[in-house]
Amino acid sequence: MTDTASPLVPGEAKALLAPPRPALSHDWRRIVRIGSIAALGQAFIALSNMPVRLDERLIVKPVLSLGYLVLLFLPLAVGYRQGHQTVREGVPVFRPGLNEVVGGFSCGLIAGGGLAVLAVLLANFDLREPLVNWSPILLDLLAFGNQAWFAAVIWLAIGAGMGTVGGVLRLLGPTSRRAVVTMAIAVAGAAVLESLVVDLAEGMGLEALTDRLYDRRGGVNWNSALGLAGVCGILAVAGRGRLRQARSRHAELQGAKRTQANAGLMALAAATLIVLPLFAGKLTNELLANVGLFVLLALGLNVVVGLAGILDLGYVAFFAVGSYSTAVLTAATSPRIAPEMPWLVALIVVVIITGLAGLFIGAPVIRMRGDYLAIVTLGFGEIIRLLFLSDWLSGWFGGSQGITMIPAADIFGLTEVSGTDPRRVFYLVLVFCALAIYVSWRLERSRMGRAWMAVREDETVAEAMGINTVNVKLLAFVVGAVLGSFSGAIFAAKVGSVFPASFLILVSIVILVVVIFGGMGNIVGVIAGAAVLIGVLGGPKQPGLLIEFSEFKLLIYGALLIWMMLARPEGLMPSVRRTRELHQQEMAQDAWLRGEVDDDGGGNRPAGPPVATQS
Amino acid sequence: MTETHAAAAIAAETGPPLLETKALSIDFGGLHALNQLTFEVREGEIVSVIGPNGAGKTTLFNAITATVEASAGDIVFEGRSLLGLDPNQVTSRGIARTFQNVRLFANMSVLENVMVSQHCRTKQHAFGALLYTKAFRREEAEIRQRAEKILSFFGTRLVGYRMDQPAFTLSYANRRRLEIARAMATQPKLILLDEPVAGMNPVESAELTGLVGRLRDEWGFAIVVIEHDMGVVKEVSDRVVVLDHGEKIAEGDYAAVASDPEVIEAYLGKGTGEK
Ligand SMILES: Nc1ncnc2c1ncn2[C@@H]1O[C@H](COP(=O)(O)OP(=O)(O)OP(=O)(O)O)[C@@H](O)[C@H]1O
Ligand SMILES: [Mg+2]
């Protein structure tokens with residue numbers, strides 16, 4: 001019934017399996033509630049103009065565009081969701097049956113109703129005044145070029161259909177469900193990664209393959225989509241459990257063997273990252289370089305937020321200080337002083353400057369705790385940007401004009417790294433990412449790392465145990481600042497100019513979302529988070545693979561963050577420790593239910609749920 | 001046990017005061033949590049602090065460890081005042097404590113809890129860790145060894161597989177033990193134990209009582225213990241100090257204090273007599 005997840009995931013107590021419920025025994029209020037939420041969501045998505053804008057981007061040629069995909073997703077999701085049963089100790093879980101299908105149908109129907117009503121309203125009223133996207137184009141899209149009544153009928157039908165599919169998914173056994181999910185991911189992935197795959201294939205001389213897979217005007221061919229889905233489905237069924245086996249085997253490895261396995265994996269990843277750009281064209285390399293810059297930023301913020309538990313909402317400040325000081329030190333056009341240092345020499349000075357900036361910003365801020373600290377860092381992030389923008393300092397930093405004509409980064413006279421050759425930028429970023437990974441990894445497993453953990457857990461007690469919390473947190477702040485400055489220095493050389501507008505608060509937020517999404521405190525998770533979010537959706541100003549999403553990026557980031565906080569606060573790839581922190585109570589309860597309480601022999605103390613220790 | 005007690009008691013009589021509070025007062029708004037308290041602990045001594053609920057016992061610990069600020073008076077440790085120090089500085093001077101409401105680093109492993117508490121006795125900074133120097137590795141090994149040694153003081157309970165378990169999986173009694181282990185790891189001269197046997201069953205509390213004696217005999221700590229259980233107080237203490245409403249109403253060995261009419265009244269008058 002439930003996935004047999006790792007023992008760290010709570011709520012996996014084995015439940016009784018009861019026969020399916022009768023087809024119409026629903027809690028109808030729940031169905032209506034879930035359906036209505038989806039209906040409102042559908043209308044919102046439609047009015048956000050996403051479908052119209054994204055209609056250009058084909059997923060599967062000729063049947064599905066990204067625009068329609070966003071409208072199909074919600075009914076499917078609620079159709080699946082309504083069949084969810086909370087597993088509780090001693091409460092039977094019903095085997096899914098016709099009931100789930102009917103529920104999915106109903107939910108989907110209501111969800112589709114949202115669009116049906118919207119279509120009718122669109123045809124008869126003009127609300128363009130408050131709702132800018134209230135347009136005939138939207139109606140046209142909803143009605144597939146027909147009349148409004150057609151739209152109403154077809155969306156009811158589509159909603160019901162998708163909802164039913166969602167309900168049917170509940171009926172599938174684990175293997176077939178995995179196959180379906182793999183197929184869907186494979187096709188969607190192929191479509192999303194289209195430009196990347198095409199570009200790499202071109203570099204490797206495999207155009208023949210991609211010509212067959214993709215249509216010339218974008219999108220996966222209908223036939224190839226079916227083929228791809230088929231192959232992936234078979235692979236999923238055949239390889240069932242292999243991946244998990246491999247992973248658990250890896251987890252069981254001890255000592256030297258484990259180090260070897262990890263080293264092997266890392267070498268493989270490094271080799272891929274070094275070889276890949278050689279085959280990639282300029283655009284792909286540009287994308288890789290941008291993702292790399294954000295990985296670097298995210299790794300830096302991870303030290304502050306993930307390891308030391310300081311919620312820093314102004315991290316962009318260090319990115320800005322790094323960029324600006326690089327600009328001032330290397331550019332000939334820098335307004336006040338222009339030492340025109342070589343990039344590498346400047347970098348040393350930049351590290352010192354940002355380190356000091358970290359100290360100066362950190363010293364007053366670090367004594368605060370929790371929410372106050374978050375707000376104050378947010379303020380400092382803005383202050384730094386406004387300082388660079390101000391008339392007062394425009395003699396130094398050029399105000400809103402910024403500093404332009406920053407020269408390329410000269411690396412020991414071997415190469416020059418600048419935006420004109422993104423491949424070199426990527427390699428440079430890669431080196432600094434490796435450095436950042438090494439730094440976080442070493443520090444986490446040291447006396448300082450343990451002190452950070454203790455501070456994160458309970459600052460008062462950490463202090464009573466002899467940890468100078470101010471110093472320890474300041475160190476995290478400074479390490480984070482320095483790592484951020486690397487990114488800033490590379491950014492300055494890459495773009496060739498710095499403006500205050502590049503360092504909006506939005507950058508801080510995006511980096512934070514990346515860290516949270518990936519899994520705070522877990523290096524691999526943070527990297528994966530940056531790769532997925534920045535790579536697919538794009539950074540604050542940088543386009544991702546789904547260029548069409550740029551307009552809606554913030555909406556999607558926001559929605560993702562909310563969903564993540566509700567459903568999986570530990571992130572995509574959580575660190576074991578973070579998961580524990582977030583689910584400690586539940587896990588302690590579960591352990592108690594399973595009778596695994598640590599009983600220390602001496603006692604005849606009555607068993608009871610363990611007392612929470614944090615006051 | 002009684003012999004070593006006697007020997008230690010003699011040493012305690014003659015040794016210099018390790019910790020002294022001089023006319024210490026703590027006010028919370030209008031409430032005098034501690035009033036002109038004069039109190040001392042000598043090297044190698046085990047002092048019990050008793051008193052009804054709200055008497056100010058925990059507040060005394062908080063004042064010594066700089067968690068709350070003294071309103072008047074002075075606290076002197078090894079001849080130097082502790083006033084104006086931060087809690088972590090007090091710990092580095094050599095005073096460690098446990099908490100009445102057990103406050104472990106719940107998501108850190110048992111071993112890590114003890115390792116991190118050696119922070120103020122170790123000095124490898126970030127650069128050592130980054131360069132992975134010999135000194136760093138040596139210190140890490142030492143930290144680990146010391147932690148294991150401290151944990152093995154509690155028998156088999158906190159060692160073995162349990163060392164790598166997160167602290168929140170421990171039983172209640174083991175959490176209390178781990179708190180003591182953590183205090184030991186700061187390498188103190190004086191340990192303040194706030195109700196170490198609260199919530200334990202008689203078997204466990206008898207065992208912990210023995211442990212308090214061993215802490216002094218084997219590790220040489222001076223110990224102040226707040227305790228409500230009179231059996232435990234009688235067993236461990238060289239000297240008993242009774243607080244009521246922030247004032248010291250009696251002091252002396254257990255027998256003398258237990259028969260003091262003022263003490264009996266303080267307990268019975270409050271209606272929270274000994275259990
Ligand atoms: N931070 C504080 N702010 C205000 N009042 C406090 C504070 N800490 C303690 N008090 C008050 O000071 C008095 C003494 O409290 P304290 O915790 O020292 O008692 P105690 O002797 O440890 O009692 P118990 O046996 O219940 O642990 C109580 O009335 C308490 O309410
Ligand atoms: Mg108390």
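Biologist: How many residues of the shell around ligand 1 are nonpolar, polar and charged?

Modeller: Four are nonpolar, seven are polar and two are charged. Here Ala, Val, Leu, Ile, Met, Phe, Trp, Tyr, Cys and Pro count as nonpolar, Asp, Glu, Lys and Arg as charged, and the others, Gly among them, as polar. This is a predicted model, where local features need pLDDT of at least 70, side-chain atom pairs count only at pLDDT 80 or more, and totals for chains, interfaces and linings use all residues. Residues are numbered from 1 along each chain as its sequence is written, chains are lettered from A and ligands numbered from 1 in the order in which they are written, and side-chain values use heavy atoms, with hydrogens and water left out.

Biologist: Which residues are closest to ligand 1?

Modeller: B:Asn53, B:Lys57, B:Thr58, B:Thr59 and B:Gln100 are the closest of the 13 residues that surround ligand 1. A residue is near a molecule or strand if one of its heavy atoms lies within 4 Å of it.

Biologist: Which element gives the largest share of that shell?

Modeller: H2(B), with three residues. Helices (H or I, at least four residues) and strands (E, at least two) are DSSP runs, numbered from the N terminus.

Biologist: What lies 3.0 Å from an oxygen atom of ligand 1 in B:His228?

Modeller: A polar side-chain atom of B:His228. B:Gly56 has a backbone N or O atom 3.0 Å from a ligand 1 oxygen. For B:Ala55, a backbone N or O atom is 3.2 Å from a ligand oxygen. Taken alone, ligand 1 exposes 630 Å², and the protein buries 61% of that. Those areas come from the Shrake-Rupley method with a 1.4 Å probe; for residues, only the protein chains shown count as cover.

Biologist: New topic. Is B:Arg157 buried or exposed?

Modeller: Buried, because its relative accessibility is 16%. Buried means under 20% relative accessible area, exposed over 50%, partly exposed in between (1.4 Å probe, protein chains only). B:Arg157 sits in the loop between helix H6 (134-152) and H7 of chain B.

Biologist: What does the side chain of B:Arg157 make a polar contact with?

Modeller: The side chain of B:Glu207, at 3.0 Å. A polar contact is a pair of N or O atoms within 3.5 Å; within protein, one must be able to donate a hydrogen and the other to accept it, and residues adjacent in sequence count only if both atoms are side-chain atoms.

Biologist: How many residues of H7(B) are buried?

Modeller: 13 of its 14, so H7(B) is mostly covered. Just after H7(B), B:Gln187 takes a positive phi of about 50°.

Biologist: Where is B:Gln36, and what is its phi?

Modeller: B:Gln36 is in strand S2 of chain B. Its phi is positive, about 50°, although it is not a glycine. B:Gln36 is exposed, with a relative accessible area of 54%.

Biologist: And A:Met405, where is that?

Modeller: In the loop between helix H17 (394-397) and strand S6 (409-411) of chain A. Phi of A:Met405 is near 55°, a positive value in a residue other than glycine. A:Met405 counts as exposed, at 63% relative accessibility.

Biologist: Which domains does the assignment give for chain A?

Modeller: Domain 1 (1-171) and domain 2 (284-546). The bounds come from an automatic or database domain assignment. The centres of these two domains of chain A are 41 Å apart, taken over C-alpha atoms.
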